[in-house]
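Welcome, and thanks for taking a look at this one with us. Please have the sequence and the coordinates open as you read.

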Amino acid sequence: MKKYRFKIFLILAIIGLGIYFLYPTIQDYFNSKEIQKVLQERKETYLKEHPNAKPAELDRYLTQIEDSIRNADPSIKKAREKRIKLGLDLQGGMYIVLEVNTLKLLEKLAKNPDENFYEILKATENIVKVSEEPVVQVFAQEAKKRGIRLSRYFGEIRDDDDKIISMLEKQAEDAVTRAQEIIRNRVDQYGVSEPSIHLSGSRRIIVELPGVARKEEARQLLQGTALLEFNLVKDPEFTFALLEKINKVLAGKPLEDTLVKDTAKADTTKKSPDQMTKEEFEKEYPLFTVAVPNPQSQTADLFVRENDRTKVEMMLNRPEVQNVIPKDVKFVWSAKPEFYAEGQGIYRLYCVKATPELTGGVITDARATLDPQNSSPIVTMEMNAEGARDWARITGNNIDKRIAIILDGVVFSAPTVRSKITGGRSQIENIGTLEEAKLLEIVLKAGALPAPVEIIEERVIGPSLGQDSIQKGLTSAFLGGLFVIIFMLIWYRTAGGVADFAVILNVFFILAVLAGFGATLTLPGIAGIILTIGMAVDANVLVNERVREELKTGKTIKAAIDAGYSKAFSAIFDGNITTFFTGLILYQFGSGPIQGFALTLMIGIAATLFTQLFVTRLIFDVFVEQGKKPNFG
């Protein structure tokens with residue numbers, strides 16, 4: 001046994017690693033079952049208390065409860081992130097194809113467009129509707145047919161058509177990249193788990209949103225105008241007074257579930273916060289319990305843990321709280337965590353003037369660079385003449401105040417105005433890294449996105465279909481595997497049992513690798529696993545039949561096993577390696593379901609070679625070493 005100690009240790013270590021990777025998936029399964037049970041109970045209770053509740057109202061209530069449960073326990077979110085990811089075909093959701101309207105981009109870029117320009121544009125539209133040809137190329141061909149140089153509408157008068165075509169193609173490509181970035185930004189904020197966003201061709205973007213079935217919400221999310229706003233941050237004195245009012249309204253009310261009726265009244269005995277116990281402070285200042293101002297700062301911004309964001313939103317959305325918040329004021333989150341503490345992101349909550357001082361339509365350019373004076377990252381912005389005039393007036397009237405730069409409802413930066421800014425050129429400072437500055441540059445440019453994005457195809461895959469697919473896939477895999485196990489046990493006896501163990505281990509390794517590398521399991525992926533099971537069984541049959549033949553010649557069990565594995569090796573290895581390279585080609589040149597199938601097939605082949613040529617051989621060697629004679633049927 002000593003000579004096999006290292007091999008045994010190696011196998012056990014790999015199994016242990018597989019358990020480590022698969023544990024979050026198991027944990028997430030039980031978490032989901034428990035959450036569904038709680039939601040069902042809450043749903044029944046809510047319907048008893050509100051028998052006339054509308055479906056949308058009930059859905060919003062349950063969503064708040066689910067978010068509250070998931071955010072209250074970080075382990076639930078962590079397990080969700082590390083589980084085996086399920087594709088759109090297994091989970092249900094939305095599949096959307098978006099197209100950036102390059103024709104609108106050309107129309108906007110054109111200078112002094114006339115009747116001829118619109119005729120060319122119309123002819124181009126008719127062609128690209130039914131073909132995949134690049135819009136700029138078609139436009140250039142149509143202009144050439146009419147004997148019109150592109151410099152009539154774009155670039156300089158001396159520029160030739162090739163130079164202008166190159167410039168327009170770059171602008172079109174840039175518009176698609178910016179649109180993709182905006183969509184990714186919105187989807188991330190929307191909280192969709194495992195979204196897939198990728199380019200298809202020169203002007204299309206494919207978006208897959210697992211778990212999303214509400215068509216209108218998805219449309220609004222993906223097609224709404226990228227809104228860039230410059231809002232004045234309210235003075236600390238005003239904000240603190242408002243926060244005091246909100247705390248008074250919330251005093252004595254439960255934090256976890258704002259829809260539950262009040263259970264206790266606020267303690268009216270006036271104590272300073274320092275004199276209060278933790279329970280008294282939580283009752284008297286519910287908002288400050290989860291949203292904490294920085295006493296060292298001269299601002300009134302609140303800092304909130306990622307897990308407490310839902311609680312804060314529920315507090316601020318209560319009708320009685322909305323009544324004390326002035327109509328011209330709103331609270332806005334920072335776009336990303338300000339910093340991290342105990343593994344959680346800390347977000348900043350700003351109180352800003354609801355009406356923007358300026359919108360992003362005036363931005364003509366933005367550029368991320370390094371400040372030549374201190375080498376820190378900055379973003380410079382340029383505005384058109386109208387924007388420059390308004391910006392000078394706004395900054396001149398608000399010196400030493402902060403202006404929040406808001407895109408799609410979240411704050412990216414809130415710099416302090418140091419002096420009146422004229423000429424329409426200004427810069428944003430206090431940016432962490434150059435990467436963040438580049439992201440902000442994209443965001444600022446996105447505010448003035450010149451080309452609209454249109455949905456040209458959308459499909460809703462219902463959860464019932466996804467569940468049905470999962471059920472049928474699992475049933476087919478289970479039945480197929482069961483028949484194979486029974487057959488192997490009957491036909492090969494002990495050797496069949498060893499082969500069955502190897503096949504089960506094979507599937508375990510495939511799932512562990514999928515979980516460990518964050519790959520997504522799809523329905524074609526399940527097909528790849530089933531095919532792998534068949535190939536693994538085939539390898540076992542080859543070995544067992546070879547050993548049987550060797551035993552018939554009168555060899556000892558040890559000699560027969562050695563000869564069996566030796567003679568079957570080339571056939572097993574050749575067949576699997578050929579299939580592996582086929583999978584590699586499919587993965588490289590395929591997409592979507594083809595890649596899912598190819599990936600699981602390649603992982604399965606690697607697992608098959610390991611389990612069939614290493615694990616089963618070791619088991620038989622240990623049998624022989626201990627003086628036992630395994631039965632090959």
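Predicted model: local features only at pLDDT ≥ 70, side-chain atom pairs only at ≥ 80, totals over all residues.

At what angle do helix H20 and helix H21 pack, and how far apart are their axes?

## The helix pair

Helix H20 covers residues 557-589 and helix H21 covers residues 593-625. The two pack at an angle of about 170°, with 9 Å between their axes. Angles over 145 degrees count as roughly antiparallel, so that is how H20 and H21 are described. The residues of the contact of H20 with H21 divide into 21 nonpolar, seven polar and three charged.

Next, let's turn to strand S4, residues 204-210. Five of its seven residues are buried, which leaves the strand mostly covered.

S4 runs antiparallel to strand S2 (residues 93-100), and seven bridges join the two.

## Around Thr 380

Is Thr 380 buried or exposed? This residue, which lies in strand S13 (residues 377-383), counts as buried because its relative accessibility is 11%, and the cut-off for buried is under 20%.

Leaving aside neighbours within four places in sequence, Thr 380 is in contact with Asp 365, Ala 366, Arg 367 and Thr 369, and also with Arg 425, Ser 426 and Gln 427.

Conventions. Residues numbered from 1 in each chain as written. Heavy atoms only, no water. Buried < 20%, exposed > 50% of the residue type's maximum accessible area, 1.4 Å probe, protein only. Helix = DSSP H or I, 4+ residues; strand = E, 2+ residues; numbered from the N terminus. Pairing = 2+ DSSP bridges. Contact = heavy atoms within 4.5 Å. Axes fitted to C-alpha atoms, helices over the stretch in contact; angles between N-to-C directions. Parallel < 35°, antiparallel > 145°, perpendicular 65-115°, else oblique. Nonpolar A, V, L, I, M, F, W, Y, C, P; charged D, E, K, R; others polar.
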